[in-house]
Amino acid sequence: FRKPSTHIYFMKNPNNAEPLQKRFNIQTGFIWLVYIFILIQWFITGIDTSGDATTYIHMDPLRTPGYPLFIKITTLFGLIHGFRSTSFVALILGLYIIHRFCYFLKEEFNLSYFSIIVSSLVLLFPYLFLDLKNCILTETLAYPLFILTVQLLLKSLFDKSGKTATLYFVTTALLLFVRPQFVY
């Protein structure tokens, strides 16, 4: 006989809030409030296309093709005018990867919730204070890819997994395709 899952048990016994507390707590709620705050900031502010952004938008031959290709895909090869979709996809990708990385750190190192909140805030600093969420620059895509490569490297070392190591090398190649400074 199988033991019923806690989700089903919670539905049968609404007086027992323990399974709900395991899935959602004040610390997790705080992190989600920060994510919502970043999304609200993104909606309020406009897109920044200053600096090198025009060279990526116009696919300058001196630039690596990764980020200009990302711009073309997210604007559906010019069918969507403006670059809000590019910025939004990069922002959601960044928030998702940071969230997954912090969860990975919590599981691997058995970190406290306070450590996870501090780690999340440190990783979200460019989105909160440096307006990374609104720029059309390679950093919007390179930053989450870098965090993902660090996660895959750590996971491949901890699990001794060849599959994760292969994913690490593929993600590193994508990172180099987007931002060649990571060669150094």
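Is lysine 106 buried, partly exposed or exposed? Lysine 106 is partly exposed, because its relative accessible area is 23% (buried means under 20%, exposed over 50%, and partly exposed in between, with a 1.4 Å probe and protein chains only).

## About the model

Welcome to this structure, a predicted model in which local features need pLDDT of at least 70, side-chain atom pairs count only at pLDDT 80 or more, and totals for chains, interfaces and linings use all residues. Residues are numbered from 1 along each chain as its sequence is written, and side-chain values use heavy atoms, leaving out hydrogens and water.

## The overall picture

The protein has nine helices and zero strands (helices are DSSP runs of H or I with at least four residues, strands are runs of E with at least two, and both are numbered from the N terminus). Along the sequence, this gives the pattern α-α-α-α-α-α-α-α-α. Of its 184 residues, 36% count as buried.

## Two helices side by side

Here is a pair to look for: helix H8 (residues 139-159) and H9. Their axes come within 9 Å and cross at roughly 160° (axes are lines fitted to C-alpha atoms, for helices over the stretch in contact, and angles run from 0 to 180 degrees between N-to-C directions).

The crossing of H8 and H9 is left-handed (the near helix is turned anticlockwise from the far one by less than a right angle; clockwise would be right-handed).

## Salt bridges

A search of the whole structure finds four salt bridges (a side-chain nitrogen of Lys or Arg within 4 Å of a carboxyl oxygen of Asp or Glu). One of them joins arginine 63 to aspartate 52, with the closest N and O atoms 3.4 Å apart. Arginine 63 lies in the loop between helix H4 (53-57) and H5, and aspartate 52 in the loop between helix H3 (26-44) and H4, so the pair ties together parts that are eleven residues apart in sequence. Arginine 63 is partly exposed at 28%, and aspartate 52 is partly exposed at 39%.

Glutamate 139 pairs with arginine 179, their closest N and O atoms being 3.2 Å apart. This pair links distant parts of the chain, with glutamate 139 in helix H8 and arginine 179 in the segment after H9, 40 residues apart. Glutamate 139 counts as partly exposed at 30% relative accessibility, whereas arginine 179 counts as buried at 19%. Lysine 106, from the opening question, forms a salt bridge with glutamate 107, and their closest N and O atoms are 4.0 Å apart.

Leu69, Ile73, Phe77, Val170, Leu174 and Phe177 make a nonpolar surface patch of about 570 Å² (patch residues have over 30% relative accessible area and no salt bridge; nonpolar side chains, namely Val, Leu, Ile, Met, Phe, Trp and Tyr, are joined within 5 Å, and like charges within 9 Å). Helix H5 (66-74) and helix H9 (162-178) each supply at least two of its residues, and H9 gives the most, with three.

Phenylalanine 77 lies in the loop between H5 and helix H6 (84-109). Phenylalanine 77 counts as exposed because its relative accessibility is 62%.

## Another exposed phenylalanine

Phenylalanine 129 lies in helix H7 (residues 113-129) and is exposed, with a relative accessible area of 59%. Phenylalanine 129 and isoleucine 38 are 91 residues apart in sequence, and their C-alpha atoms are 9.9 Å apart in space.

Key: Areas by Shrake-Rupley, 256 points an atom, 1.4 Å probe, with all protein chains shown as cover.
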